[in-house]
Amino acid sequence: MTNCINVRAVIGKKCKYEKELISLIQETFNRSGRFDVPDLFPSLNFLGILIGTNPALLKMHRKTNNILNDIINEHKKKRSATLARKCEESNHDDMIDVLL
């Protein structure tokens, strides 16, 4: 529930990627919280590839990046449409609008 509230506060509305984004965030926390040999011994970095940690993290990174790019592009389109109509700034700015 807390994750849903946080995602809506940042995105500003319920989006079609909400459940997938929340599951990716939870999976990232689960994977990053585990003990990993290459973290302790950087010279054994190849173990991350053999164990499968690095490819899994890269796959999650790509999925998250695609979702966030889509959300940002939607906000840019919404913002340009608002400016094209010469409407006043919305009082309902979310975190993405503030950062853009």
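**Figure 1. Confidence along the chain.** Among the elements of the protein chain, helix H6 (residues 95-99) has the lowest mean pLDDT, 64, while H2 has the highest, 84. Here pLDDT is the predictor's confidence in each residue, on a scale from 0 to 100, and helices (H or I, at least four residues) and strands (E, at least two) are DSSP runs, numbered from the N terminus. This is a predicted model, in which local features need pLDDT of at least 70 and side-chain atom pairs count only at pLDDT 80 or more, whereas totals for chains, interfaces and linings use all residues. Residues are numbered from 1 along each chain as its sequence is written, and side-chain values use heavy atoms, with hydrogens and water left out. For the protein chain, the mean pLDDT is 76, with 68% of residues reaching 70 or more.

**Figure 2. The overall fold.** Let us step back to the whole chain. It has six helices and zero strands, so the order from the N terminus reads α-α-α-α-α-α, each run being assigned by DSSP. Of its 100 residues, 21% count as buried; buried means under 20% relative accessible area, exposed over 50%, and partly exposed in between (1.4 Å probe, protein chains only). The protein chain exposes about 7,800 Å², with 58% of that supplied by carbon and sulfur atoms; these accessible areas come from the Shrake-Rupley method with a 1.4 Å probe, and for residues only the protein chains shown count as cover. Among contacts (heavy atoms within 4.5 Å) with a separation of 6 or more, 55% join residues 24 or more positions apart.

**Figure 3. The largest nonpolar core.** Seven residues make up this core: Cys15, Tyr17, Leu21, Leu24, Met60, Ile67 and Ile71. Helix H2 (18-32) and helix H5 (53-84) are the elements that give two or more residues to it, and H5 provides the largest share, three residues. A nonpolar core is a set of buried Ala, Val, Leu, Ile, Met, Phe, Trp, Tyr and Cys residues joined through side-chain atoms within 4.5 Å.

Figure 4. Leaving aside neighbours within four places in sequence, Thr64 is in contact with Leu21 and Leu24. Thr64 and Glu20 are 44 residues apart in sequence and 8.9 Å apart in space, C-alpha to C-alpha. Ile22, in helix H2, counts as buried at 10% relative accessibility. From Ile22 to Thr64 there are 42 residues in sequence and 9.9 Å in space, C-alpha to C-alpha. Lys63 is also found in helix H5 and is partly exposed, with a relative accessible area of 37%. Lys63 and Leu24 lie 39 residues apart in sequence, with 8.1 Å between their C-alpha atoms.

Figure 5. The structure holds one salt bridge, and its partners are the side chains of Arg31 and Glu27, at 3.5 Å from N to O. The term covers a side-chain nitrogen of Lys or Arg within 4 Å of a carboxyl oxygen of Asp or Glu. Both residues lie in helix H2, four residues apart, about one turn of the helix. Arg31 is partly exposed, at 28% relative accessible area, and Glu27 is partly exposed too, at 32%. Side chains of opposite charge can pair when their charged atoms come close.

Figure 6. Phe35, Leu40 and Phe41 make a nonpolar surface patch of about 370 Å². Patches are made of residues with over 30% relative accessible area and no salt bridge; like charges are joined within 9 Å, and nonpolar side chains (Val, Leu, Ile, Met, Phe, Trp, Tyr) within 5 Å. Phe41 has its place in the loop between helix H3 (37-40) and helix H4 (46-51). With a relative accessible area of 45%, Phe41 is partly exposed.
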